[in-house]
Amino acid sequence: MLQTLYDYFWWERLWLPVNLTWADLEDRDGRVYAKASDLYVTLPLALLFLIVRYFFELYVATPLAALLNVKEKARLRAPPNATLEHFYLTSGKHPKQVEVELLSRQSGLSGRQVERWFRRRRNQDRPSLLKKFREASWRFTFYLVAFVAGMAVIVDKPWFCDLKKVWEGYPIQSTIPSQYWYYTIELSFYMSLLFSIASDVKRKDFKEQIIHHVATIILISFSWFANYIRAGTLIMALHDSSDYLLESAKMFNYAGWKNTCNNIFIIFAIVFIITRLVILPFWILHCTLVYPLELYPAFFGYYFFNAMMGVLQTLHIFWAYLILRMAHKFITGKVVEDERSDREETESSEGEEAAAGGGAKSRPLANGHPVLSNYHRKND
């Protein structure tokens, strides 16, 4: 049974054009071709990325946060209350009015005190500013290095300027070491993001992030198996071109550098729109949809690859909408916040901040500065 499934999964008609077999892609005469076994190393590399990230955040990002004077807002903690804590953990973080009244009778607190307790308790679970800064620092570092490395891999290739050459000789196209390492590092990184997504800062588009990471991993893996490597390197470099800008904007935002953050965000928005809504659909997708049909009839791999590209393009449109909405608020002078951020709640009663020390009114996280986030991915 398993052998049957294995044979069907690797059936040539699923991966290769008609009249071609895996035997045509066996190494010969010093030419090396892509193999599925080449990507086995990505799983241990993904785990290695998690270890490297831990030490990077501890010994690089944390001191950098202190250098940039990243300050965490003091949070009022919810006083211990077994009744309310049990409801919070088992029934929900946002009790309805009827539930508030019931909890009020069970705990001996007023309805206002119950609501205040839940606000404070929710704030306790929200990620700290330092956690957000360290996460943004790690992603900024990777995306910047990946973009520079990706450009070094493809900028001197003939298909960088002439997209028709992407399919010249396909699928009998040999690989070079730089392409292999570019693929394995990118794939390993996105696998590490998928492994850590449960512990990373959660946004309102949590489900979209999971879809993005899964689609990216499938797309990278499939493009290697089916020898869509030339197109794959172009797509990965294109995605990395804007991601590091967003992460750097987030870092400056968390540090309170409002003008720097806003200026970088404007640059990011322009680059994102050009690369994801112009170059990708009208050049890259045209290249993967139209040019292959000039060489061979459409097959399953052709449809599957472009379907995954369609999933990513749909996410790009969704994130572009959020970016443009933020840009509109920025241009009109309104306070700009991440459309996907989980806002920290403020106390409604007077005098509580004074009790916490300082007497200042509660403010949104990051002093009202734009709270930006990773729209790809991330990752695209």
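## N81, a buried loop residue

N81 is buried, at a relative accessible area of 18%. Buried means under 20% relative accessible area, exposed over 50%, and partly exposed in between (1.4 Å probe, protein chains only). N81 sits in the loop between α3 (42–67) and α4 (82–90). Helices here are DSSP runs (H or I, at least four residues; strands are E, at least two), numbered from the N terminus. The model is predicted: local features need pLDDT of at least 70, side-chain atom pairs count only at pLDDT 80 or more, and totals for chains, interfaces and linings use all residues. Residues are numbered from 1 along each chain as its sequence is written, and side-chain values use heavy atoms, with hydrogens and water left out.

What does the side chain of N81 reach? The backbone nitrogen of L84, at 3.1 Å. Leaving aside neighbours within four places in sequence, N81 is in contact with S107, L109 and W117. Contact means heavy atoms within 4.5 Å.

## α4 against α5

Helix α4 packs on helix α5 (residues 97–107) at an angle of about 145 degrees. Their axes are 9 Å apart. Axes are lines fitted to C-alpha atoms, for helices over the stretch in contact, and angles run from 0 to 180 degrees between N-to-C directions.

From α4, the contact uses T83, L84 and F87. From α5, it uses E99, L103, Q106 and S107. By class, that is three nonpolar, three polar and one charged. Ala, Val, Leu, Ile, Met, Phe, Trp, Tyr, Cys and Pro count as nonpolar, Asp, Glu, Lys and Arg as charged, and the others, Gly among them, as polar.

## α7 against α8

Helix α7 (residues 129–154) meets helix α8 (residues 177–196) at about 160 degrees, with axes 10 Å apart. That makes α7 roughly antiparallel to α8. The term applies to angles over 145 degrees; under 35 is roughly parallel, 65 to 115 roughly perpendicular, and the rest oblique. The crossing is left-handed: the near helix is turned anticlockwise from the far one by less than a right angle, whereas clockwise would be right-handed.

On the α7 side, the contact is made by W138, R139, F142, Y143, A146, G150 and V153. On the α8 side are S178, Q179, Y182, I185, E186, F189, Y190 and L193. The contact has 10 nonpolar, three polar and two charged residues.

## Backbone exceptions

Most residues other than glycine have a negative phi, and most peptide bonds are trans. Where is the cis peptide bond? It joins Y170 and P171, with omega about 0 degrees. P171 lies in the loop between α7 and α8.

D29 is not a glycine, yet has a positive phi of about 55 degrees. This residue is in the loop between α2 (12–15) and α3. D29 is exposed, with a relative accessible area of 74%. N69, also not a glycine, has a positive phi of about 65 degrees. N69 belongs to the loop between α3 and α4. It is partly exposed, at 46% relative accessible area.

## The whole chain

The chain has 13 helices and zero strands. Buried residues make up 49% of its 380 residues. Among contacts with a separation of 6 or more, 82% come from residues 24 or more positions apart.

Note on methods: Polar contact = N/O pair within 3.5 Å; in protein donor to acceptor, adjacent residues only side chain to side chain.
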